[in-house]
Structure formats: C-alpha cells, structure tokens
Amino acid sequence: MTQSDMAAQVANKDGFIAALDQSGGSTPKALKLYGVSESAYSNEDEMFDLIHQMRSRIIKSPAFTGDKVMGAILFEQTMDREIDGVPTAQYLWENRSVVPFLKVDKGLADAADGVKLMKPMPDLDALLERAVAKGVFGTKMRSVIDAANPKGIAAIVDQQFEVGRQILSHGLVPIIEPEVTISIDDKAEAEDILLAEIKKHLDGVPEGKQVMLKLSLPTKPNLYKPLIDDPRVMRVVALSGGYSRDEANEKLAQNTGMIASFSRALSEGLSADQSDAEFDAMLAEAIDSIFEASRAG
C-alpha cells in the first residue's frame, strides 16, 4: 500500500468517504436501523461481530469501490478484524481501491462552555503505530459544538489541532471533525466562529503537511470555501449530522468542492433481512446519489 497513491486519490479524486466507524455507544443504534435488535446479542463481543458482518457486507458489495467511494473510515475493532481472511484496511485498498482511515477518539467529555471536547487519549501513540503498520492512511476524531460560544469553540479547535499535530508526526493525515449540532438555534453564528478559529490554527500546520476537515453542512452555502482552497487542507468533507440522505445531498450540492463523509445517510434503508440483490441495489443507489452530490458543487 503506497501512501503517495492514497494521497493522490484523497486529494484529487471524485467521490466521497464512507463513515463506517460507529463505536460502542452508537453501535446498538446502527444495528437497530439495520434490523438487528439488542436481543440478537448478549455481550459486546457478539455486538461487534454483528456490526462487522454489516460493514463487511457493505464493503464487499459490488458498488463499494474506489470509483465512487474514495475512502472509508473504520472503527478500531474493524481495523483489527479481517474480511475474507485479509486485514480490513488492506482489503479496502487492495481489493476495493478504497483508502482506509481510522477513528481514533475515545468519545466525548462532559459538556462545558457549550461544547463537548474529546476525552483524553493516553494510548494514542500506540494506536497510531498500529494503524501505520496496518496500512491506514489517515485518522478521524470528533468533538461537538452545541452553542455559538467563542470560548468553547476556541477550546475545541485548539484540542483538535493539537492532537492533529501528534497524528501528523506519525505520517498519518488527520481528519479534524468539530461537528456543529444541526438543530441549535445559533448554528450559523457558531459556524462563523468555527471558521475563524480554524483559519487561525492552520498557521500551526507543519511545513509540507496537510490536514483534512470534516464539518457539518453549513447554514450559509460555501461558507467553508476558503478552507477548501487553502493549500494546507487536503480535503473538506461533510457529515450528514442527522439529515436524511436526500436533505444531506441537497445541502452538499450547494457547497463547491465539499464532498460527503456520510454514515447514517449512507446506510439508510439497508437491512439484514434483504437479499444480496436487494441490499446491493439499495446501496448502489445510495452511493450513486451521494457521489453525484459530492461533485455537484
């Protein structure tokens, strides 16, 4: 797996990033939407076995290739598992031409100053070393903005870029994700503050390095165009944030140069009970629509 080939694909290729990184807290909900109730498993290991089956089915589906799915974000346990006897990250790149990323955060801290920072990550260096060994290209880490609070948003962006520099030191490309909750009354104001903070922190990106940004679809179309055009930013991707696929696609298409990194909006309508033909057809339709929205802007 060559990092330069992956970098060229991530930076330049039409397509989007599939977010297949639901972790412990969000896995039961993801399984339920897929038609697997909590009665189907009795412990965490069985739960993660079932979500890996779901993710493997998505990854092996005929439409899930680098032609339209440029990259995929994995949960740590997915990275550590295999698909058809091949480590997942290796399978993605070698069998599907999809660039592998890894979710590295450990969840959210308690709310303060209108935001939820990331919990401490004392074992991050060890995890990053494992990711490099397994052929992962980049990482993703999420924190949440629930109000247009300048102090809280500054703290979020500061933490994200501090950890981002640690990730860059391992030769990985960090996806910095300060999510703005789509339902808050002051979303547009929060996004203006966020944009200003990100611009300030880009000056701290080491020479010759790039970061990626994963942002909520903005209230004002093309708000983040200055970040998309910044040479220190490899790509700006959008999270669906609770919008339906149709809503997310419509909003994404209004933002030039921004591409999707959807989770729920990608798997919407998929079910464990579907035949392979039904499943593959529905996933192909979802991939096509998200791909078109990602290049519509």
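## Basis of the values

The model is predicted, and its local features need pLDDT of at least 70, while side-chain atom pairs count only at pLDDT 80 or more and totals for chains, interfaces and linings use all residues. Residues are numbered from 1 along each chain as its sequence is written, and side-chain values use heavy atoms, with hydrogens and water left out.

Strand S7 covers residues 138–145, and seven of its eight residues are buried, so the strand is largely enclosed by the rest of the structure. Buried here means under 20% relative accessible area, against over 50% for exposed and partly exposed in between, with a 1.4 Å probe and protein chains only; strands are DSSP runs of E with at least two residues, helices are runs of H or I with at least four, and both are numbered from the N terminus.

Two strands pair if DSSP finds at least two bridges between them. S7 pairs in the parallel sense with strand S8 (residues 173–180) over eight bridges, where Arg 142 has Glu 177 as its bridge partner. Strand S5 (residues 99–103) is also parallel to S7, over three bridges, and Lys 103 is bridged to Lys 140. Strand S6 (residues 115–116) runs antiparallel to S7 with two bridges, and Lys 116 has Val 144 as its partner.

## Lys 214

Lys 214 lies in strand S9 (residues 211–216). Its contacts (heavy atoms within 4.5 Å), leaving aside neighbours within four places in sequence, include Lys 140, Glu 177 and Ser 261.

Lys 214 is buried yet has no salt bridge, and the nearest side chain of opposite charge, that of Glu 177, is 4.4 Å away. A salt bridge requires a side-chain nitrogen of Lys or Arg within 4 Å of a carboxyl oxygen of Asp or Glu. The side chain of Lys 214 does make a polar contact of 3.0 Å with the side chain of Ser 261, a term for a pair of N or O atoms within 3.5 Å in which, within protein, one must be able to donate a hydrogen and the other to accept it, and residues adjacent in sequence count only if both atoms are side-chain atoms.

## Ser 271

Ser 271 is found in the loop between helix H11 (264–267) and helix H12 (276–296), and is buried with a relative accessible area of 18%. Its side chain reaches the backbone nitrogen of Asp 273 at 3.1 Å. Not counting residues up to four places away in sequence, Ser 271 touches Tyr 34, Arg 57 and Phe 279.

## Helix H3

Arg 57 is one of the buried residues of H3.

Note on methods
Lys and Arg count as positive and Asp and Glu as negative; His and the chain ends are not counted.
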